[in-house]
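Please look over the chain below before reading on, first as a whole and then through one of its parts. The paragraphs that follow move from the overall fold to a single element and the rings around it.

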Amino acid sequence: MSLKNEPMQYLPMAKGRINVTFNHRDEDIKRMIAEAMVKIRAWVGQIDFDPESDVSDTIGILANEMLLDYVRYKWNGSGQYFMQEHRPAILTLQMEVAKRDKKK
């Protein structure tokens with residue numbers, strides 16, 4: 001799946017997280033989602049984002065939650081604080097990705 005299509009899958013979830021019901025800022029929100037995907041992959045390694053991850057997919061659940069939180073921070077003008085406040089979650093996701101990759 002290309003990165004170009006991925007943000008669209010998360011648009012309804014992201015809009016719900018930031019309580020947006022209008023559509024005229026959808027392109028801005030999709031850019032925030034794409035930015036979150038790039039940054040999270042840079043921080044933790046290669047992961048596939050799937051908005052329909054089930055509860056047994058630890059990496060998927062953690063990545064989805066982190067992505068939506070990143071969008072919320074950016075939307076509220078606090079993107080610069082995200083990494084500082086989510087360091088434990090980023091480290092946890094890094095460890096989960098490393099464990100998964102070690103099994104390969």
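Helices here are DSSP runs of H or I with at least four residues, strands are runs of E with at least two, and both are numbered from the N terminus. Counted in this way, the protein chain of this predicted model has five helices and zero strands, and its elements run α-α-α-α-α from the N terminus on.

For the chain as a whole, the radius of gyration is 13 Å, which agrees with the value near 13 Å that a compact globule of 104 residues would have. The C-alpha trace spans about 45 × 30 × 20 Å along its principal axes, and buried residues make up 38% of the 104 residues. Among contacts between residues at least 6 apart in sequence, 61% join residues at least 24 apart. The accessible surface comes to about 6,400 Å², of which 52% belongs to carbon and sulfur atoms.

Within α2, the buried residues are D26, I29, K30, M32, I33, A36, M37, I40, R41, W43 and V44. They cover an arc of only 165 degrees around the axis, and therefore lie on the same side of α2. On the other side of the helix, R31 and A42 are exposed. What covers the buried residues of α2 includes α1 (6–17), α3 (58–75), α4 (82–85) and α5 (87–103). Just after α2, G45 takes a positive phi of about 110 degrees.

Which residues form an aromatic cluster with W43? The cluster consists of W43, Y70, Y73 and F82, and the count of aromatic pairs comes to five. One of these pairs, W43 with Y70, is edge-to-face, with 6.5 Å centre to centre and 65 degrees between the planes. This pair links distant parts of the chain, since W43 lies in helix α2 and Y70 in helix α3, 27 residues apart. Y70 counts as buried because its relative accessibility is 2%, where the cut-off for buried is under 20%.

W43 and F82 also form an aromatic pair, here stacked, with 5.9 Å centre to centre and 15 degrees between the planes. This pair too links distant parts of the chain, with W43 in helix α2 and F82 in helix α4, 39 residues apart, and both W43 and F82 are buried.

Terms used
Residues numbered from 1 in each chain as written. Predicted model: local features only at pLDDT ≥ 70, side-chain atom pairs only at ≥ 80, totals over all residues. Heavy atoms only, no water. Buried < 20%, exposed > 50% of the residue type's maximum accessible area, 1.4 Å probe, protein only. Arc of directions from axis to C-beta. Contact = heavy atoms within 4.5 Å. Rg over C-alpha atoms; globule rule 2.2 N^0.38 Å. Areas by Shrake-Rupley, 256 points an atom, 1.4 Å probe, with all protein chains shown as cover. Phe/Tyr/Trp six-rings, centres within 6.5 Å; stacked < 30°, edge-to-face > 60°.
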